[in-house]
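Hello,

Here is the structure I promised to pass on to you. Have a look at it first, and then read my notes below with the picture open beside them.

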Amino acid sequence: MNYCIFCEISNHQQPADIVFEDEQMIVFKDIKPKAAVHFLIVPKKHIDSIEALKEEDKELVSQMIFLAKKMAQEQGVSQTGYKLLFNVLRGGGQLIDHIHLHLIGGEVRP
Ligand code: 5GP
Ligand code: ZN
């Protein structure tokens, strides 16, 4: 596998503004936030993208979405609304090849 910055952040080998962590998941602030709240929900297991998901990853993806919902509640945007976004491969705007879910909330432009 090539060098992966999100694996490095998951292993605490690179710094990040971490807002949540458990055995399977890490959540940190996007380095270039597009709104007041812009978190990246990242499983510690390296999976390249949505396109690389296997049947066995079903539970992990479900966990990502529920964790995003919890983070939105904690950040006070669950009532006003937020965006959950998976970019998939280069044509879909994916630049980091480690699956991640964007949580974007607060003054999100349509
Ligand atoms: P993608 O375009 O792959 O869906 O999104 C990657 C996101 O990761 C971008 O919004 C980008 O700003 C963010 N990002 C890239 N490198 C780093 C980094 O080293 N640290 C953090 N916190 N965010 C990063
Ligand atoms: Zn990785």
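**Cysteines**

A search of the whole structure turns up zero disulfides, a disulfide being a pair of cysteine sulfur atoms within 2.5 Å. In case the word is new: a disulfide is a covalent bond between the sulfur atoms of two cysteines. Cys-4 is buried, with a relative accessible area of 8%, and Cys-7 is buried too, at 14%. Here "buried" means under 20% relative accessible area, "exposed" means over 50%, and "partly exposed" is in between (1.4 Å probe, protein chains only).

**Before you go on**

Please keep in mind that this is a predicted model, in which local features need pLDDT of at least 70 and side-chain atom pairs count only at pLDDT 80 or more, while totals for chains, interfaces and linings use all residues. Residues are numbered from 1 along each chain as its sequence is written, chains are lettered from A and ligands numbered from 1 in the order in which they are written, and side-chain values use heavy atoms, with hydrogens and water left out.

**The strands**

Helices (H or I, at least four residues) and strands (E, at least two) are DSSP runs, numbered from the N terminus. Two strands pair if DSSP finds at least two bridges between them.

Start with β1 (residues 18–21) and β2 (residues 25–29), which pair in the antiparallel sense over three bridges. Together β1 and β2 make a hairpin, with three residues between them. You can find Glu-21 standing opposite Ile-26 of β2.

Next, follow β2 across to β3: these two strands pair in the antiparallel sense over five bridges. Here Val-27 stands opposite Ile-41 in β3. On to β5 (residues 101–105), which pairs with β3, again in the antiparallel sense, over five bridges. The bridge partner of Ile-41 in β5 is Leu-101.

How many residues of strand β3 (residues 37–43) are buried? Seven of its seven are, so the strand is mostly covered. Both of its faces are covered: Val-37, Phe-39, Ile-41 and Pro-43 are buried on one side, and His-38, Leu-40 and Val-42 on the other.

The structure holds one aromatic pair. Its rings belong to Phe-6 and Phe-28, with centres 5.2 Å apart and planes at 80°, so the pair is edge-to-face. Phe-6 lies in helix α1 (residues 5–10) and Phe-28 in strand β2, so the pair ties together parts that are 22 residues apart in sequence. Both Phe-6 and Phe-28 are buried. The rule is that rings of Phe, Tyr and Trp (its six-membered ring) pair if their centres lie within 6.5 Å; planes under 30 degrees apart count as stacked, over 60 as edge-to-face and the rest as tilted.

Helix α1 also holds Ser-10. Ser-10 counts as buried because its relative accessibility is 5%. Its side chain reaches the backbone oxygen of Phe-6 at 2.8 Å.

**The ligand**

Which residues come nearest to ligand 1? Of the 16 residues around ligand 1, they are Asp-30, Gly-93, Leu-95, His-100 and His-102; a residue is near if one of its heavy atoms lies within 4 Å.

Polar backbone atoms approach the ligand as well. A nitrogen atom of ligand 1 is 2.9 Å from one in Lys-29. An oxygen atom of ligand 1 is 2.7 Å from a polar backbone atom of Gly-93, and an oxygen atom of the ligand is 2.7 Å from a polar backbone atom of Leu-95. The protein covers 84% of the 520 Å² of accessible area that ligand 1 has on its own, where accessible areas come from the Shrake-Rupley method with a 1.4 Å probe.

**Loops to look at**

Most residues other than glycine have a negative phi. His-12, in the loop between α1 and β1, has a positive phi near 60°. Leu-89 also has a positive phi, of about 60°, although it is not a glycine. You will find Leu-89 in the loop between β4 (82–85) and β5, and it is partly exposed, with a relative accessible area of 43%.

Asp-97 is found in the loop between β4 and β5 and counts as partly exposed at 34% relative accessibility. The C-alpha atoms of Asp-97 and Val-19 are separated by 21 Å, and these residues are 78 apart along the chain.

Methods: A polar contact is a pair of N or O atoms within 3.5 Å; within protein, one must be able to donate a hydrogen and the other to accept it, and residues adjacent in sequence count only if both atoms are side-chain atoms.
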